[in-house]
Structure formats: C-alpha cells, structure tokens
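User: I would like to learn how to read some features of a protein model. Please take them one at a time, with the general idea before the case.

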Amino acid sequence: MFPCLRNFRLNRLPSSVPRCRPLATVPSSGPDLQLVGQCSAEMDEDNVPARFPLASTIRLANASVDELRQEFLHFFHSNQHTIVAPATVFPKLDEGSYFVNAGMNQFKPLFLGQTDSSTSSQFSRLRRATNCQPCIRVGGRHDDLNDVGYDRQHHTMFEMLGSWSFGDYYKAEACRYMWTFVTKVLGLPPNALYVTYFGGCPRLGLPPDDETRNIWLNLGVLDQKLLPFGMEHNFWRAGQSSGAGLCGPATELHVDFNALSDQDGLRCARCLINSPSPQVVELWNTVFITHRLRVTDGDTISPDSFEPLPKQFVDTGMGLERLACVMQGVTSTYDSDVFAPLMAFIQSKASTSSWTAPSYTGEFLPFCRQPIRDPVETESTSSQSTTVQNLSKLLREVFIRKLAWRPACPTKQCMDSYPDRTTHPTASESKDKQHIELLERWHRDTAYRLLADHSRALAHSLSDGLLPGRQGLALKLRHLIHRATRAAILTGLDRENAPVALLASLVAEVARRNGLASMSNIPTLQGPSARQPGSLSPEAMESVINQEIRSFLPRLHDTETSFQRCLAEHPEATRLSVDQVRDLLLGKYGLPVSWDMICAQSHWAGLCVPNPVPMNPTSTEGPHTSRTQPKTISRQLHNASIPTTNDSAKYKYLRSSDSPCSSPTYVIPVCRTRIVGLLLPTHDSHGDHILVTPEGQNVTCNLQHSQYSHLSPFGVICECTNFFAPDGGQDCDTGTLHIGNHTFTVESVERITTSNENGLGWIVHWCRPVDTAEVAPNSLLATQDADLFVNQKRRTQLMCNHTGQHLFVWALDTYTRRLFGAQQAAGIQHHGGSVHADRFTVNAAILAPLQLQDDLMKLVHEVEALCLSVIIQDLPVSAVKLHWNKVDKNPRVRRFPWVDYPSEVIAVCVGDTRVLDNSEHGISVDVSAQGLTAELCCGTHLHQTGDIFDLVVTSVRARKQAVKEFTAIVGEAARKARLLGESLVTEALDRESSLDVSNMNERIEWLTTILGQTNPNNPNARLLPLVARERLQACLHRMRKARVLPPVETNQNLDTVVAVLRRLLADSQNAVILAPVEFDKVDVHSDAAALNSAHIIARELAHQQPHSKWKVKARPLRSNALSESNRFKFALWQITPTSPQDSDSIQQFWNHCGFETIVATLTSNPTDRRNVSTGV
C-alpha cells in the first residue's frame, strides 16, 4: 500500500525525491588543484551504518568520555592554558534570556576589555584558558530543541571542550593545537579529516581567510580536503546580549567515519561536509574573534556594522559527546558511553513484572529539520523541503492509521481491557504491518532519546538552582518535562498512574552518577559565574520533576485530541497552516495547545515544524511606563553628555518613634536638586520623546497641560534624587516635584541604564502638571532648581512589605529545613518575588515533601507563626554596605546566583549583623534558630521588625507546580484580615453545628456569599488569611455534603435515622451523614464495642428499608488519633448509593472528609462515648 515508504526504508529514498547537496566552492588555487573533481559520495542518511571500524593506529580508540575530557584539559594545560571552572548553565540577568550555549560566555568581559566587580584579578589577567562547559541550547539563535531526538548528534545539553587565547596567540598556534591534538594525542588518521575555512562575503566586504588556508596547507592538509564556506557555516557571531555581538571567521575540523579504518581506496567525502549525512560530522570549531557586530537582533547587517576589536582572540569549541562518538566509532551520540547507561536504565524502569520493555534499537528516519534564520546569512541554504514533503506525507499516512496519540498498551491484559489502546494492526492491515512496526519502533526509540537527553539538561539545570516555572528559563524546563513525558506515555515506556514518573527517576539517576560536567583533577580557577555545589539532592530533583509531571498528565490526552482534530482537516498536508496553528493556540479544536507542544506534536507526526504565527499582542503598557524604548532614551542621554543621577538619598530616611506601633512613621527629607534634562512627548504614533537640556536647542515649544493625555507624561532628569526606581522587585516611589511656582505629580520613576555596563544610569521622573497653567520648558530649565517630595505613606508601606518579604523567606526556609532535618542544606529554592504597597509575593519551590493539601496549610500556619515571633521580638533591621568579596563565599547570606552584583553590595540583616561574619568564630552555623537572616538587597527597609505589626498569607498560586507563589499582606491590613477570618470561622462553625437541619440552605447561601466577598481574585474584595479561607471552604463543603444529627437514645435512633435518610434522598444524593450516638444510652449490647452496635443498627436499617437507594454498612474507624484504649468506642456507618451515579464525586469527598479532625475532637474528652457515624 505504501511502495514509496518501502523503498525509502528498505533500500533508499525513491528516485522521485530529489537530492540537494550543499556543495563547497572549488579552491581558486593550491598545490593539489588538479585532484579536485566530481565527488562520488552518496548522501544517503538512512544507509549509513551505526558503527564503523577503527584503525589500530588510533591512540585513544574506544576511550570513555571521562578519559577524553581529561586528555583535552591536560593537553591544553600542558601548553600553558589555565583550567577555568565551568560556569552555571544560566546567564546573568543582563546577559540574555536564554541558557548559556557556549563556553565563551563567561569570558565576555575579557573579550571586551571590561573589568567586572566580581571578577578576581587572576581571572582578569588570563592570557590562555581551557575548560569543559555544560551548554544548553533551548531558545535563542542556537535553538536545537526541535531537532533533538530525531537526529544523531543534536542535544539540548552537551559539554563543550574549549580553549581560548585573549590576545596571546592567534591563527597559526590555534590551528597547530587543533591538528596536534586530533592527530597526535587522539591518533585520528589525517585521511579521515576535512578542514573548512571562511570563503569571504563580498556583499559585507569580508575577504576570504586565505591566511588560515595557507596555515592548514603548511600543516600538511591536502588541498582536496580543504574547503571554503560562506557566512552560514564559517563566520560565527554571538548574540547581542549573551555574547555582545562578538564575531569573526571560523575554521572547522570534520571527520569522515568511513575513513576511520584508515584503509586504502576510500571514496572522497567532500560533498558530505555540512550536509545532513551522519557519515561526516563537524568535530571542532575555532573562531578568530576580530570584530564586534553593532546591531540589534533582526536588523539589517551592513559593512559598517562591524567594529574592529583592539586585540585578536581565539575561541575554540568541540562537543565532548561528538568526540566520544568519533573515538568509539559510532555515528550517533546515543550509542556512545554517554547515553548507553541511561538507555539501559530507561528500559529497566519501563519494564514491569509482566512486561519487558523493548530495548533501544537506534532507529532514525529523515525528518524536516529546523530552518536556520540568521540576518547575517546571505547564501542560499540547502533546502530539504521537497525531500521531506514526500517523506512526511508517507509517514502521515501510516501515522493516521496508527492513531499514535492513544497511549500504547504494554501488556496483553491492557489490550483486552482497553481495545481502543491497541496499536497493533488488525488482520485487514497485515500487509502494512511492516510499515506500522517501523513507525512504532521509530517513535519508541525517539522517546528513548528524548528521555535521555532531556534528563541531562534538567539535572544540570536543577543542580545550578533553576526550577520549572511559568516564564523565562523556568518555562523552558517545563517544556522539556512535557515533551519527554509525552513521548514516554505515548510509547508505553511510562504509565500515567505510576507513583514516580520515569523521567523523574531518570533525572535523579543522572544526578547520582555525578555526571554533571565533572572537571579535572587539576586545580581550576573559579570565574565570576562558576558553578557551585548543587543545592538539590537527587531525591529533591525527583520530587520536583514528579510534581510537574503530575500536573501535566491530566491535560495530555486533551491536547493530543486537539492536535488530531486539527490534522483530520488536512491529512495530506506536510506542515500545519498559519490558521491551524492559530486555532490550536486559541483552543478552537478543544483544549488550547502551547506553541512548544505544537512543534513537538508536528515532528512526532512526521510534519515540518510550523512557522511562527504572529498573535495580536495585548498592550501591557500602563500609565506609569515610558512609551519610548529605554535604549533609545539611553542613547539620547549619552549623546547629550547628561551626567548620571545620584540616587543615594533614597536610603536616607528616619524613624519617627522608637516604640513599635501599628502604623510606623518614617520621615523622608526633601531633596533639593538641579534639573539637567527634560523628556518631552511628541504627537507621533510612536510615542517618542524629545530630550531638552539647558544647553540644547529644543527649547522653543510650550509645555501645556492639554498636550498631556493619560498616556503622555513628560520626564524630568535631575542631578540627584531621593525617589526609589523599581529594583529588587520593589515598586517605585510616587510623590510631587516642585519647580519654582509649578507643582507636578510624579506618577512613576524609571531607571535608564548606561550602555557601558558600569551599573550607573539616569533616574527619570515621569510627571504630569497639577494645574492647567501653561509651562514653557525653557522656564523650567531656566529655574533648574527643584524640590523632590516622596509620598511617605506609600514608601513606608513598601518598606513594610519588603522587610516582611525577607522575614517570610527566612521563616519558609527555616520551617522546611526542620522538616528535612540536618541532611538538607536548604528547605526552599527562592526564585524572587515582588513588593507592592499593599502586598508582597514570594516565588519559591518547597523542597520538603508536601504530599497532602493539609501539609500546605500547616506550612502556611507555621510560617506565619515564625514571622509573628520575630515581629514580637522587635529585632533591629540593618542595611550594611560591604564589598562583594566579603559575602561571595558566605553561605549564610542569601543571594540570587543569576544576578551580577556590583563591587559594593548592601546586605539587609534582620536580628544581628554577626551573620555577615564568614569566620568560624563569628556565629553558629544554625543562624535560623536565632532568628537571623541576611540577604543582598538594594531595596528600602524598616528599622525594626515590630513595625511590620502583623503578617498573613492571603493566597498560594500554582500549588501543584514546583515553584509556588505566596502572596501576603502586612501591617494593620494583616491584623484586620486575621481578626475578620477568626470571627467568620467561628460563626461558620456555629452555624454548621446547629441542630436544626431545616435552614441548612440558608446557612450555605450565607457562607457562599462570604467567600465570594473575600475572593482574592476580586480586586475589591475583603482579604482573608489563606488558612481562614480554607477552613471556611471546608465548612461550606461539609454543609453541602453533610447533615449533623443530634445525639439520641436507642429507642429513637432507628426511626430518626430512617426519617433523616428519606429527607436526604430528596435533598441531595451526595449527602454525608455525621450522626453521633450516645452509647451510654444504648439499650442493647451495652458492654459491646461500638462496631457491634453499629452492625446492629445497619442490619435494622437494611431490614426496615429493603428498597432504599442507600446501602448501609458498619465499618471500624481507623485513625492515628485513636489509641488501643479508646479504639473500641468508635465506629462509622458507610452509606453508599445503590446506583453508581456520581460515584466519582462521592469517592473524592470520601478521601477528603477530614476523619482525623473529627476523631481528634471526639477523643479530646475521655468521658465521651459517642459513635461517629458517617456515610458516602
């Protein structure tokens, strides 16, 4: 039925599928020009064997990955290169929004000649360096995510072996080091090596790198193995944020696997270089960094965009996993010793007692590769579109018949129970069995590869302190978890009901193997971004990943259903259309599907990755933001030589009273300053601003109130200011600005940073006129002097919330570490937060095992209690300025590893500044027990903890996710919320315990209204503590599901219960009965246990009501709150409907109806001999 597919797999691609080879240009001159002829190499990806024989002359043949890493570092260390410790896999805040994707990232200050505050003098004087850097390429210009798992070489995470010269040596030495290492140290045959160099770009005025070509010829490389390529392959440039646009020509070493045997009569492989063929692989890339590209991403590049560097640099990189492939004679990294143990682990974990998972077979099929989009690129890239269109069409035909979105059944029992899950062909499809088995094997092997690859990226990220979340790098980690989990579930390698997901176990296994980019035994130099020992144990990693997977699995089936409905519209298509992608994103086919998942589903189905779809962005611009881009304003201020703003006065404020009070008062002195510039809004649609200075020319226009709409404030720049600009998560100040007789409202404050990365900047006060009088800009600049008045009430509220945030983080970490005990260094992973005038938030991952919802409520209660204890102590809060080196190695000082701190930092200490002493005699290690906390922070804070007055948590978002967001309030608002919550809970419990069941609906309506009025999602709602709100919701749940019967005597018991049952049948099918029975008054079996009496009553009920919709059974009440002395006193009635209708909701309530609380209440009185009877 599928002849083309049969030809494709069993022989080669059909003749109707055209081949497209990206041929290299022929050398213009050289000693071996006559040897260059037509290449006869076959670019057949599918027929390349998985293994090639190795020549006996290869010195390090079959060396392990650890041995190869050591050999590389030792070679360059013996050539006067300093071994530098690897950096973390995430960048600093100002270095881009993606992972570290190259070894050169941490050396950027050395390339640019910049001195960094946290850089040691030894690091800044480096001339030669080498290291092994873990890199993650997910997102950005080097995004390999959509190719990972589908080809033999790309990975989301890999180790890059690198060497660098910072103006010390250049091309000749760099090429010689490369050639010596691969031919002498490794012993690779020169006949198997090909070299490429930069062939120039006339459009950009870049000449061919003939110098490098001649160097290789002098080293003995034959001209027929020396090929020039253009901008796409042999001109490298870094991203503007991560690598500052550093760029230069590159030279690369490529290895022909077929020639590793070093036999005679081998075919030339020139035309396979830079092609998809796995026979030839790029091994080593060396960049001669000569320029810096001065453009923003997406801009057109011209010859004027290249800025020469004062020195000549060398940057080399070689993938350790690819090197292991070459030295072990395998064409796929997944067959090397890097991944082989992980593949075996996956098979072992996937197998059950009744089913053995198929092993990894290394099945690959050609696929539609992710296109490269680079504004530097000027050459026509090799297109695989025609090849892949025919191939994906064939795959789609098989894929649709297979219905691969249904989870596969690993056992015969599963197939019998769930016939719709069976993925094996029926008798009518027997002739297609070979093709379907091929597709199943390909999917399963792809799942193996995704699991193994993504587990390494996740383990390295978690080890460095990153956690999955809702945005940024955290969201990228969540995408990896979802992709790997999806593949595992769809292929049967993992089960949805497994207590611990396969991926979670695999991440923990990677961490336990100590394979997290281990370095050399040679002492290394620690750079400013050096990796620190992992704060997460393998068990904690497993818990974090498992938590994410549990929250994702309920959506997996629905997202797959949405994608299948989309495919059914155009089953012959090889790529989703723009409309289809948009409809998937918007949920037109069912549950909305994320863009990342659409890409993963498309590849899985044999489609090309769809083109990005522009969505209508919603404006996030508010009244307190500038419409002009900060970079534009920064250039204007820099070109006009406006001095940067001195904002040290923002820390100068006084506390008006020494005694703690509910409303602390802090006085912020007025700041007298001089205006140095104005930013006037224009009337164009772009919302640009014109810079006006005292010495400038743009001072003729009048500044009128009618010119300024709600979205058009004007900016005032002063020499100094006491206003706080947004920083450290804290909101900005507001207030007023007085210039002569004019008063302006300062609506917001913004920091505009300089372009020289020295940490300085300008503070722009965005103002509006208070009155309607016309104000000429020249009059404002002529006056120049201005008075700045900060809104003291708002500032005090911000300080109160910011100090409360620090206290909350300390309490959260302290309590969770107590749950772990001494074996865990940290109880949480702090991921920042925000500080507002009315609340603060904390984003943190709790590393302690929180299994039940009650654990979270208990945690919130205990954390609030710890905070209150410190508030009552009224401890001092100190802000200490000190040098970065004083706190860099101090584990007691909390800081964010992704922040690049300046040379002088501020440590905010609560309790005692001795926590800053890093010596062993300064203070005990367990500072948490003494209520001490220190955190690097640039915000403003209170002077005493007593000024916080109170602190309550109002909500917790993302409860099922790894990183949870806690929202809390402080001050009098917190105290009012606490008192309101206590009163409402008391009243709700009183209403619930009322013996009158006739007005239960009225009580339910009252409590529903109360919860609606206090909903934290309602901006106008009254706030309640989270613990109080949870108790009210539990009370409402019981009211809706339960009825309480009064204690009655035995002679009344049966009649009363039967009457209430009848009433409940008409009122609610899901009612749960809590019927206490006083056994002191039971007339029958007075000396018997409660269970015996419950059995008698159950039998009587069944006898009196034989046709009832309820079934009543007596059950023992099991609880930790019961001891052997009082266990016999209690029993329960299990009352279930005879019809299975609504059984799921009933069972759900049965598991959460709070027996522990009921039993603990009853056992609190030893004389109480009541029977707790309940039913569902």
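User: Where is F949 placed?

Analyst: Helices (H or I, at least four residues) and strands (E, at least two) are DSSP runs, numbered from the N terminus. F949 sits in the loop that runs between β24 and β25. This is a predicted model: local features need pLDDT of at least 70, side-chain atom pairs count only at pLDDT 80 or more, and totals for chains, interfaces and linings use all residues. Residues are numbered from 1 along each chain as its sequence is written, and side-chain values use heavy atoms, with hydrogens and water left out.

User: Which side chain does D947 contact?

Analyst: A polar contact is a pair of N or O atoms within 3.5 Å; within protein, one must be able to donate a hydrogen and the other to accept it, and residues adjacent in sequence count only if both atoms are side-chain atoms. D947 belongs to the loop between β24 (933-936) and β25. Its side chain makes such a contact with the side chain of R655, at 2.5 Å. D947 has 0% relative accessibility and therefore counts as buried.

User: How does T331 connect to its surroundings?

Analyst: T331 lies in the loop between α8 (320-328) and α9 (340-350), and at 0% relative accessibility T331 is buried. Its side chain makes a polar contact with the side chain of R152 at 2.7 Å and reaches the backbone oxygen of P49 at 3.3 Å. With neighbours within four places in sequence left aside, T331 is in contact with V48, P49, A50, F52, R152, Q153, F257 and P278.

User: What is the strand order in the open sheet of four strands?

Analyst: Strands of a sheet pair through backbone hydrogen bonds, either parallel or antiparallel. Two strands pair if DSSP finds at least two bridges between them. Here the order is β19-β20-β26-β25, and the pairing is antiparallel. β19 (828-835) and β25 (951-957) are the edge strands, each pairing on one side only. β19 pairs with β20 (residues 840-846) over six bridges in the antiparallel sense; V835 has F840 of β20 as its bridge partner.

User: Which helix lies across β25 and β26?

Analyst: Axes are lines fitted to C-alpha atoms, for helices over the stretch in contact, and angles run from 0 to 180 degrees between N-to-C directions. The helix is α23 (residues 971-992), which runs at about 100 degrees to β26 (963-970).

User: Which residues touch the most other members of the largest nonpolar core?

Analyst: A nonpolar core is a set of buried Ala, Val, Leu, Ile, Met, Phe, Trp, Tyr and Cys residues joined through side-chain atoms within 4.5 Å. In the largest core, of 136 residues, they are L188 and L493. Helix α12 (residues 433-463) gives the most to this core, twelve residues. Another core, of 63 residues, lies apart from it and has I675, C800, W810 and A844 among its members.

User: Why is helix α17 described as largely enclosed?

Analyst: Nine of the ten residues of α17 (residues 595-604) are buried, so the rest of the structure largely encloses this helix. Among the buried ones are D596, H603 and W604.

User: What covers the buried residues of α6?

Analyst: The cover includes α5 (171-185), β4 (193-198), β5 (226-229), β7 (246-256) and β8 (280-293). In α6 (residues 210-218), the buried residues are T212, R213, I215, W216 and L217.

Definitions and conventions. Buried < 20%, exposed > 50% of the residue type's maximum accessible area, 1.4 Å probe, protein only. Contact = heavy atoms within 4.5 Å.
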